[in-house]
Amino acid sequence: MATSPDFSYLTALNLPSLNLLKTFSVVAKTLNLTHAAELLHITQGAVSRQMTGLETALGYPLFLRQARGLTLTPRGAQLLPAVQQALEQMGEALRRVGSHPDTLRIKCPTCSMRWLLPRVIQLQNDRPDIQIELTASIAHGVDFSTEHFDAAVVFGRAPDSPRRAHHLFDEVLTPVCTPDFLPRRKGRFELADLAGKTLLHPTRDRRDWLLWWREAGMKGLPSAKSQHFDTLDLAINSALQGYGVAIGDLTLIEDDLQARRIIAPFPLCVASGASYTLLYPDNPTPALQVAIDYLNEQARISRQKLSGLLSSSHHLVSAS
């Protein structure tokens with residue numbers, strides 16, 4: 001006769017409820033009962049009672065209550081990372097178990113979404129049996145041993161695992177703006193016209209603009225206004241709205257260029273040395289193999305379009 005499993009050890013652990021631990025994590029993040037209550041959609045009094053109850057159950061204080069707000073006690077600070085990690089792992093497990101069995105989870109840098117998202121949507125339209133969940137991140141890498149993704153598009157130097165990596169396309173940079181943003185003299189644009197214009201920077205260190213400007217044979221950036229963003233996508237969107245001139249990757253904006261929503265006014269294009277690569281673990285599932293083959297084909301088409309552009313009105317140099 002089969003016996004029921006013994007879960008008495010769980011009772012012996014005397015763990016606080018998941019709800020209390022979640023509230024503790026939010027309060028520790030905000031260090032403000034009012035803000036925590038707003039995020040949890042409960043009253044401030046309920047948050048206070050939960051924290052008092054948790055401290056009573058643990059037998060030690062987690063917060064110091066001061067006139068200017070809350071601060072974590074040493075024990076509270078020691079407990080917080082473990083609680084946050086446990087909540088994240090539990091949430092990730094619930095998402096994996098509850099997701100569609102054929103859902104592919106693909107991580108990608110935020111900047112690649114302009115190219116990746118429309119192609120993923122098209123693939124899902126063509127193959128409704130395959131579900132794809134994109135997770136955008138400002139991080140440019142992936143660790144499949146700790147991150148639960150089926151594949152990832154990464155940005156940077158070529159990875160050291162060619163057996164599980166497919167090169168998609170190289171980063172090729174050039175200034176971009178709306179068609180009427182810069183004056184055109186005798187059918188061409190002049191670098192001098194950038195003076196006084198707003199330059200849109202996708203990074204705080206201005207490295208992309210500095211790289212292109214140096215390859216153009218100029219010293220330092222022109223006397224222009226600057227606006228900095230945290231991602232290339234935000235800078236491109238601002239250029240599309242006519243707020244300035246962005247430095248853009250020609251492949252990422254190929255749809256905007258084709259539709260003439262944006263133009264590349266100067267012929268100089270600079271290969272930065274970075275590229276976009278599709279990575280995946282060993283033994284891809286049939287659904288993942290379909291996605292891999294599709295994205296590789298789309299990347300081949302994009303490389304052909306870029307080659308056609310560079311062979312006509314633009315020319316390419318490699319960053320020195």
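This note goes through helix packing, the nonpolar cores and a few single residues of a predicted model.

1. Basis. Because the model is predicted, local features need pLDDT of at least 70 and side-chain atom pairs count only at pLDDT 80 or more, while totals for chains, interfaces and linings use all residues. Residues are numbered from 1 along each chain as its sequence is written, and side-chain values use heavy atoms, with hydrogens and water left out. Helices (H or I, at least four residues) and strands (E, at least two) are DSSP runs, numbered from the N terminus.

2. Helix 6 and helix 10. The axes of helix 6 (residues 113-126) and helix 10 (residues 286-312) come within 11 Å and cross at roughly 130°. Helix 6 is therefore oblique to helix 10. Angles under 35 degrees count as roughly parallel, over 145 as roughly antiparallel, 65 to 115 as roughly perpendicular and the rest as oblique. The axes are lines fitted to C-alpha atoms, for helices over the stretch in contact, and the angles run from 0 to 180 degrees between N-to-C directions.

3. Residues of that contact. Contact means heavy atoms within 4.5 Å. Helix 6 contributes W115, L116, R119, Q122 and L123, and helix 10 contributes V290, A291, Y294, L295, Q298, A299 and S302. By class there are eight nonpolar, three polar and one charged residues. Here Ala, Val, Leu, Ile, Met, Phe, Trp, Tyr, Cys and Pro count as nonpolar, Asp, Glu, Lys and Arg as charged, and the others, Gly among them, as polar.

4. Q298. This residue of helix 10 touches W115 and R119, not counting residues up to four places away in sequence. Is Q298 buried or exposed? Q298 is buried, with a relative accessible area of 18%. Buried means under 20% relative accessible area, exposed over 50%, partly exposed in between (1.4 Å probe, protein chains only).

5. Helix 2 and helix 4. The axes of helix 2 (residues 18-30) and helix 4 (residues 44-58) come within 10 Å and cross at roughly 110°. Helix 2 is therefore roughly perpendicular to helix 4. N19, L20, T23, F24 and V27 of helix 2 meet V47, Q50, M51 and L54 of helix 4. This contact has six nonpolar, three polar and no charged residues.

6. The largest nonpolar core. A nonpolar core is a set of buried Ala, Val, Leu, Ile, Met, Phe, Trp, Tyr and Cys residues joined through side-chain atoms within 4.5 Å. The largest has 44 residues, of which L250 and Y276 touch the most other members. Among the elements giving two or more residues to this core are strand 3 (103-109), helix 6, strand 5 (151-156) and helix 8 (232-240). Which element gives the most to this core? Helix 10 does, with nine residues.

7. Leaving out residues up to four places away in sequence, Y276 touches a set of residues including P109, C111, V153, F155, H166, F169 and L252.

8. Helix 7. In helix 7 (residues 207-215), D208, W209, L211, W212 and W213 are buried. The buried residues of this helix pack against strand 6, strand 7 (198-201), strand 9 (245-249) and strand 10. Just after helix 7, G217 takes a positive phi of about 85°.

9. Positive phi outside glycine. H41 has a positive phi of about 60° although it is not a glycine. H41 lies in the loop between helix 3 (33-40) and helix 4, and is exposed, with a relative accessible area of 72%. R260, also not a glycine, has a positive phi of about 60°, and its place is in the loop between helix 9 (254-258) and strand 10.
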